[in-house]
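Q: Could you take a close look at one part of this model for me, the charged side-chain pairs? I'd like to hear who pairs with whom and how accessible the partners are.

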Amino acid sequence: MTDPIADYLTRLRNALGAKHKIVEIPASNVKKDITKILHEKGYILNYKFQDDGVQGTIKIALKYHPETRQPAIKSLRRVSRPGLRQYRGKDKLPRVLNGLGIAILSTSQGVMTDKEARKKSIGGEVLCYVY
């Protein structure tokens, strides 16, 4: 696998499209940080890290609207990829849907949203857009 973050996003996207309640994904530190951000921002219901063996897994409970069964996540898009890394300085951080969505960045101070990076006045690699 050349891009584990793209695989993570694709597994989430596929599970949401199939209306699954829970999805299991192989774990890594960056994936754990992205999962924590998605939970904090209310895009997923809950998560659990399982350390079984070498790598471990992440179990994610997906969130849907109670009446219409529409997923809380409308779009997950990978921005920076192994073939073309996308870095943004503190002055050029992206705004997703004019502030309604979030951009997840990998910075020198860890993985965070675009809003947190603006507050800390730091730039980094734009991993993905979520809305």
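A: D114 and R118 make a salt bridge, with their closest N and O atoms 3.6 Å apart (a salt bridge being a side-chain nitrogen of Lys or Arg within 4 Å of a carboxyl oxygen of Asp or Glu). This is a predicted model, where local features need pLDDT of at least 70, side-chain atom pairs count only at pLDDT 80 or more, and totals for chains, interfaces and linings use all residues. Residues are numbered from 1 along each chain as its sequence is written, and side-chain values use heavy atoms, leaving out hydrogens and water.

Back to the pair: D114 and R118 are 4 residues apart in helix 3 (residues 114-120), so about one helical turn separates them. Helices here are DSSP runs of H or I with at least four residues, strands are runs of E with at least two, and both are numbered from the N terminus. D114 is buried at 2% relative accessibility, while R118 is partly exposed at 31%; buried means under 20% relative accessible area, exposed over 50%, and partly exposed in between, using a 1.4 Å probe and protein chains only.

The count comes to 5 salt bridges. Among them, R11 and D7 have their closest N and O atoms 3.0 Å apart. R11 and D7 are also 4 residues apart, in helix 1, so about one helical turn lies between them. R11 is partly exposed, at 33%.

Then there's R78 with D3, bridged at 3.0 Å, N to O. R78 sits in strand 4 (residues 76-78) and D3 in the segment before helix 1 (4-17), so this pair ties together parts 75 residues apart in sequence. Both R78 and D3 are buried.
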